[in-house]
Amino acid sequence: MTHSQKNSNGRGNPRSEIAIELEGIDRSFGATRALQGIDLKVRRGSVHALVGENGAGKSTCLGVIAGRVAQDRGDVRVFGEPLDHNNPRRARAAGVVSVYQELTIVPEMTAEQNVFLGQVAARGGVTQDRAMRNRYRSLCRELEVSCHLDVKAGHLSVAEQQLLEIMRALLSDPRIILLDEPTASLAPHEREVLLRLMGTLSRSGITIVFVSHNLDEVLEVSDRVTVFRSGVIATEADRGEITKDQSVEAMLGRALEARPEPRRFEPSGAERLRVQNLNVPGAVSDISFDLFPGEILGIGGLVGSGRTSILRALAGVSPNASGQIWIDGKERRWPKTPRNGRRLGIALLPEDRKTEGLVGPLSAAENIILSDLSGSAHSGVIFQRQIIESSTKAAQGFGIDTSRLSQPANNLSGGNQQKLLLARWAHSRPSILLADEPTRGIDVGAKQEILTHLQRLADEGMAIVIVSSELEEIVAASNRILVLSEGRLVGTLENTSGGVDEHEILKHIFQTQTGGS
Amino acid sequence: MTESASEALTSPAAPGPPEVKRRSWTKTARGLTETYGILWVTLLGLVAASLISDQFLTWANIQNVLSQNAPLGLVALGMTFVMIGGGFDLSSGAIVGASTVVAAELANHQSLGVAIAGTIIGGAIAGGINGTLVTRLRINPFVATLATSSIFTGAALLYTKSLTVVVTNPNFGVIGNGTIFGVRTSIVMLVALFVIFAFILSKSIYGRALYAAGGNEQAARLSGMRVDLLRASTYVLVGAGAGAAGLIYASLLNTGDPSNGAAITLDAITVVILGGTSLFGGAGAVWRTAAGLVLLATITNVFDLLAIESAWQQVTKGVLLITAVGLDLLTRRNAS
């Protein structure tokens, strides 16, 4: 890294051993006390992880450091220099940059333009295009990622967009980088790249504070871990002083139930779904597989291997998909619209809950019955009582707090939002459910719950396809695993008795890879 | 922003399951000001108006105000649907103007019934063109309706050769000036349609689906809804409303004139936003538009009664709009 330590105005004392110091930070949102008396010290050049369940206060804490969230009480010091409340510019001047969970990519601009967004290199008001391109290329080399100079950012995957975001953060010569869930949407090898990069950055003197749900990576890369629970610090420990189980216990305030035995499943009866020669131009080719009632089929593969494309093609979201499809033994026309897909009994639990799943301003109850409005209606007239009855019934099975059903879906936590979407499909009963990253961005406690709910739906006869970046999860939940690499099916692993492990999937993927992308 | 949903869910009329906790008093009070703020403001306006002018609360004046604003109300009603569905319509005023010509021509050459039906259907067809442009060709609603606005007015002017069409049918005045049980026809029409469409929006499958389509197009599509059809239908509705508005104008003024009702577009949008229906779709209600309409009509009327220069009305309208939207943003920011 080309990191020079400046001691310009307002950047505090660079020799201070403590990069960030929080003292007695309180912050409430309405009646919710998000942070209560937080004292936190982050050592210079360390990788410091903040973990905790959703709503435990870790992201708020990150926001306070970034000057994005104003604390009600308490002080923030960066390299000994006190920061004003709620002043992102001031924090930035002190060398603090953030990469948010919600990406701030402008889809219509090129990858390079996105990286230089708001900090265009210019001399005398004229942009220095060549300098920017060179800087961009060298950043790509440092991060070991492929260079999409002129590709529109909207065409890149979420993982690639996030890398752009990190590159943008690096441009401003930061001393402290705050990362909110940096690896949530990355594939294993991309995750490796990022984690290694965090190490490199910290060795060059940059302090890194990150929030993550993935405890394995937290314990692997961080020098210190702070565990939050309901707005207070539950425990803190240096590298090697805390185990995964101990941190989970600290997060939940109780021990996590043991992972259930892998689900046993013997295909019986006729196949629910058969797909032959599915092609989606530019994404997958020649995919064939079948699926039985009550079966959970996992699709493993790297980001960009076409996992999501298969699900979306089946759900009728990709109009240019082609292939043959049989449902309950009857050949049907390939669904070209989501409505067609729904008619065939296929439902998609989309990867992006916010933009494709929930209607945020509508109540949780209405979101549950959304795909089956006529179920709560008589001759076209909807009865409020029916909405409440059906949604309450559906919600109870998923442990959703029914007193919150009248609230807008936007106000619920990520875990509850996902349960809401599951409840939607439990309510309208598709025969085939396609779950795209069902546990993405959900904390450990709720993750297992989501998987258990999916298994219950399968037990009730639904045929389910799961795509997940977390191979561990695929292995734990599915009865059979399709392995994808570069848009092709490279293996099918029987997992009826839970014999498959993650490495086997990776082996299949990398054996067939035709070199880096 | 979610009043339609949450209000209905927590209203005493809907017996909730026992799990639904009772809201505390302070919360209820805050909810009342946040959700029903526009009602309080409108009520305040009415009280103030009746104090300022003793003519305001006379039956003759109320009838006058309502019938004057009936065309605006009909367009605003349709606009409510368009905006909840996530769209926008700049061409309503042009459809009103063109409809006055259609109404006048049909009244002169056909029966009264044909004139009424034909004008409303004509407006609906114009709206259908808008809907097709927006949902099929995926042209931005702003651009599409800006263009059709120009086309509708231009076509009507070409037809009339830039003259006005005088209505010779003596029965035609009935629409604007006739009465049913002592109440003017246009008022009966306005109130009836508001009630019917309030029901459709809040209680029908169509209405609920429209909220979903406007609130999150992708999610609605993945839930199996025909989002394009839903949104196109809202343009047909506002078109029909504009047709009816043109009919009333033509009857009141006994002429068809393409330039009549040009101002109605922006007034209708003002009324809808004043009521608190979201510019971004997915939230709003018919009663909100009704409240916005009453508020705007009251203010206009008071200015008329006090004989204040009409330029002041325009200034007030603008100030009101900014205040309404500003207050809405403030309460929302404090809530989050």
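Leaving aside neighbours within four places in sequence, I242(A) is in contact with V225(A), A237(A) and S247(A). This residue belongs to a predicted model, which scores ipTM 0.73 and pTM 0.73. I242(A) sits in the loop between β12 and α8 of chain A, and the points below move from that residue to the sheet and helix around it, then to each chain as a whole.

**Around I242(A)**

- I242(A) has 20 other C-beta atoms within 10 Å, and because the cut-off for a buried residue is 20 or more, I242(A) counts as buried.
- The C-alpha atoms of I242(A) and L219(A) are separated by 8.1 Å, although the two residues are 23 residues apart along the chain.
- One of the contacts of I242(A), V225(A), falls within strand β11 (224-229) of chain A.
- Another contact, A237(A), falls within strand β12 (232-238) of chain A.
- The remaining contact, S247(A), falls within helix α8 (residues 244-252) of chain A.

**The six-stranded sheet of chain A**

- Six strands of chain A form an open sheet in the order β6-β9-β10-β3-β11-β12, and the pairing is mixed.
- β6 (96-99) and β12 (232-238) of chain A are the edge strands, each pairing on one side only.
- From one strand to the next, the twist averages 15°.
- Within this sheet, strand β9 (residues 176-180) and strand β10 (residues 207-211) of chain A are parallel and pair over five bridges.
- At one of the positions in this pairing, I176(A) has T207(A) in β10(A) as its bridge partner.
- Helix α8 of chain A lies across β3 (47-52), β11 (224-229) and β12 of chain A, and runs at about 30° to β11(A).

**Chain A overall**

- The secondary structure of chain A consists of 17 helices and 24 strands.
- Chain A is as compact as a globular protein of its length, because its radius of gyration of 24 Å is close to the 24 Å that the globule rule gives for 517 residues.
- The C-alpha trace of chain A spans about 70 × 50 × 45 Å along its principal axes.
- Of the 517 residues in chain A, 49% are buried.
- Among contacts in chain A with a separation of 6 or more, 68% join residues 24 or more positions apart.
- The domain assignment divides chain A into domain 1 (16-95 + 174-252), domain 2 (104-173), domain 3 (270-345 + 430-517) and domain 4 (356-429).
- Between domain 2 and domain 3 of chain A, the C-alpha centres lie 33 Å apart.

**Chain B overall**

- Chain B contains 14 helices and four strands.
- Buried residues account for 50% of the 336 residues of chain B.
- Residues 24 or more positions apart supply 79% of the contacts in chain B with a separation of 6 or more.

**Confidence in chain B**

- The average pLDDT of chain B is 86, and 88% of the residues score at least 70.
- Helix α5 (residues 112-135) of chain B has the highest confidence in that chain, at 96, whereas helix α1 (residues 3-10) of chain B has the lowest, at a mean of 37.
- Over residues 1-23 of chain B, pLDDT stays under 50, and the model has 49 contacts beyond four places in sequence for this stretch.

How values were computed: Residues are numbered from 1 along each chain as its sequence is written. Chains are lettered from A and ligands numbered from 1 in the order in which they are written. This is a predicted model: local features need pLDDT of at least 70, side-chain atom pairs count only at pLDDT 80 or more; totals for chains, interfaces and linings use all residues. Helices (H or I, at least four residues) and strands (E, at least two) are DSSP runs, numbered from the N terminus. The radius of gyration is taken over C-alpha atoms; the globule rule is 2.2 Å times the number of residues to the power 0.38. A residue is buried if 20 or more other C-beta atoms lie within 10 Å of its own, exposed if 12 or fewer, and partly exposed in between; C-beta atoms are placed from the backbone. Two residues are in contact if their C-beta atoms, placed from the backbone, lie within 7 Å. Two strands pair if DSSP finds at least two bridges between them. Axes are lines fitted to C-alpha atoms, for helices over the stretch in contact, and angles run from 0 to 180 degrees between N-to-C directions. Domain bounds come from an automatic or database domain assignment. pLDDT is the predictor's confidence in each residue, from 0 to 100.
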